[in-house]
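Colleague: I would like a close look at one part of this model, the helix packing. Please give me the geometry and the residues involved.

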Amino acid sequence: MAGFKEIDSPVQMRLYSLTKNRFVFVFVMFCAAFLTTLIIGVLGPAAIGHQSKTAKALGVSSKNFNTGPFVLNSGILTQFNQELWLFCQFQLTGLPAKKDYKLQRDFHMSVKIMGSAKDTSYKLISHSYHNRSRHLTCTLDACESMVIFHLGSLNHPSYEVNINLYGLKLPPGVGIRNVVFTFKYFEDQFTQIQIWFRFVFLVLSFTVTCLFTHSLRKFPVRDWCIEQRWMSALLPLLLLYNNPVFPLTFLVQSWIPRLFDAIFQVSFFAALLMFWLCAYHGIRQAERRFLPFYLPKVIIVGLIWATGCTILSWQEINEVHDPSYQYKIDTGHFLGLKIFFFVIAAIYLLYLLILLVQAFQELKNMPYFDVRIKFLTILMFIVVLISLVAIFTRFGGAVLQENFVMDVTSSYQNSAEFLAFYGLFNLYLYTMAYVYSPSPRAIQDATIKSVPSKFSMLGDSDEDVMFQRRNLKKRISAVEEYITDEESVHG
C-alpha cells in the first residue's frame, strides 16, 4: 500500500488488547452510563417555568385588543432564572370554517421594558422604545405564538413591560377574543442541576485528561498514533465544553460569559468534526503534510465554525442593544447564512462518507487497522444517531425551517435534554480516552523497540502491521540461514 512506510513503532493502544467480549463490554458500558444520565434527567425538574396573563385579566377593553396598551409585570426573579422571554398569542373569533384557511397579517409592535431599581421604582433598561414589525399567522386551530423580547441576563429583580400595537387590521367578521402573554424563564432547580452536573463533568474531564496525558508521558509524540494525538487536543476542549467559567454567568452582569459559553461549545463540536475527518484519512495515510492533508479539512470545518460563531454572536450582541430583536426580523441575512451552512454541511458529510468508504475498502482485512476502523465507526454512529433522535424529537421538521437559529423556542425543556447532550459527548470522550490509552504492554514494547535486534509488532496509523511481521520473519529466516551456513562451514 502506497501510503504506508516503516517508522519507529508507535504506542500500542488498549484497543489492541481487547477481546471480542471486552470490545462489546465497552459499548455496553457506554450505553449504560448514558442511560443512567438520561434517567437522572427524566427524574429531574422541568427546565422552563412560565406564568401567563391575558388581556382581559389585565383590564384591557376588548375594543383595544388590536392596539393596547398592555402593561405587564414579570414578578420577582433571581439570577438563577438566567433568562427571560415574553410570548404573545392572539385568540381570534369568526374565522371561516375551512381546513386549509390561513390568516397572515403584518403589523408593528412597540415595546418598552423597564427594570425595578433599589427604591422599587422602574427605569428603562434601554434608552428608547423598541418598534419592530411583526407577522401574525393564524390557522383555524390557533395563532402562532410570537416572541416579544428576550433578556439574556437578569440584572433587575423584576421587569415591567408596556406594549402597543399599530396597524393590525383583520378581515371583516374576524375579531380578537383575547390576547395571551406568557413570561418564560429557567427554573431555579434546573439551574442548580446545570451548575452541579457541569461541575461534575468538568472534574471528570479534568481527571480523564490528566490520566490520559500521564499514560503517554513516557512516549515521544512522534510515536503517538493519530487517535492519541487528537485525544490530547479533544480532552482539553472538552473542559471548555463543560465551561469552567459558567458560574460567572450568575456573578457578572454581562453578556460576555454567555458568548464565551456558546463559542466554547461551537469550538468543541468543530474539533470533533475535524477529528472524524483526520482519523478516517490519517489511519491509512502516512504522509500528512499540511497543504494536501489538513488544509481542505481546515477550510470545511473552519467555515462551519465561523458560521456557528457568527450566528450566535449576531443574536447575542443585537439582543444586548435591543431585547426585542429576533433573527426572523433579519430573514434576508439569516436565509443566506442558513443556505451557506447547509451547503458546507453537505460538503462535509460527502467528504466524510468518501473517507469512511475508502478506509473500509483498504483496511477492512488488515490486522489492527480493521479494529480501529470498526470501533471508531460504531461509536461515532451511536453518538450521531442519539444526537439526531434528540434533535428531531425536540424540534421535529422545524429544524429545517425558520427556527434554524436555536433561540427561545430551542431552550432545554427539561433536565433530560440537558443531561442527554452533555452526558453523551462527555461519555463519548471518556470512552475513547480509555480505549486509545496505552495498553499494559506498551512500556514493555517500548523497551523492546529500543534494542536494535528486536522489533515491535504494534500497529499505528503510520505503519502496516503485516509488513512488520513479514520483515521480522525475513530477518529471522536470514539469521537461521546464517547459523546453518556457519555450522556447515565449521562442520
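Modeller: Helix axes here are lines fitted to C-alpha atoms over the stretch in contact, and angles run from 0 to 180 degrees between N-to-C directions. The helices themselves are DSSP runs (H or I, at least four residues), as are strands (E, at least two), numbered from the N terminus.

The model is predicted, so local features need pLDDT of at least 70 and side-chain atom pairs count only at pLDDT 80 or more, while totals for chains, interfaces and linings use all residues. Residues are numbered from 1 along each chain as its sequence is written, and side-chain values use heavy atoms, with hydrogens and water left out.

Start with α2 (residues 188-215) and α3 (residues 226-241). Their axes are 9 Å apart and the packing angle is about 155°. That makes the two helices roughly antiparallel (under 35 degrees counts as roughly parallel, over 145 as roughly antiparallel, 65 to 115 as roughly perpendicular, the rest as oblique). α2 and α3 cross in a left-handed sense (left-handed if the near helix is turned anticlockwise from the far one by less than a right angle, right-handed if clockwise). On the α2 side, the contact (heavy atoms within 4.5 Å) uses L202, S205, F206, V208, T209 and F212. α3 supplies Q228, M231, S232, L235, P236, L238 and L239. By class, this contact holds nine nonpolar, four polar and no charged residues (Ala, Val, Leu, Ile, Met, Phe, Trp, Tyr, Cys and Pro count as nonpolar, Asp, Glu, Lys and Arg as charged, the others, Gly among them, as polar).

Follow the chain to N243, in the loop between α3 and α4 (248-251). N243 has a relative accessible area of 2%, so it is buried (under 20% is buried, over 50% exposed, partly exposed in between; 1.4 Å probe, protein chains only). Most residues other than glycine have a negative phi. The phi of N243 is positive, near 60°.

Now the other pair, α5 (residues 256-282) and α6 (residues 290-321). The 27 residues of α5 should span 39 Å at 1.5 Å a residue; its end C-alpha atoms are 37 Å apart, which agrees (the expected span is 1.5 Å times one less than the number of residues). α5 is mostly covered, with 23 of its 27 residues buried. Its axis comes within 9 Å of that of α6, and the two cross at roughly 160°. α5 and α6 are therefore roughly antiparallel. The crossing is right-handed. The residues of this contact are 17 nonpolar, five polar and three charged.

Next, a loop residue. S153 sits between β7 (146-151) and β8 (159-166). A relative accessible area of 17% makes S153 buried. Beyond neighbours within four places in sequence, S153 is in contact with Q82, Y159 and R258. Q82 itself lies in the loop between β2 (70-73) and β3 (84-93). Q82 is buried, at 10% relative accessibility, and its phi is positive, near 65°.

One more helix: α1 (residues 20-43). Its 24 residues should span 34 Å, and the end C-alpha atoms are 35 Å apart, in agreement. The buried residues of α1 are F23, V26, F27, F30, F34, T37 and G41.

Last, the wider setting. The protein has 11 helices and nine strands. Of its 491 residues, 47% are buried. Among contacts with a separation of 6 or more, 83% join residues 24 or more positions apart.
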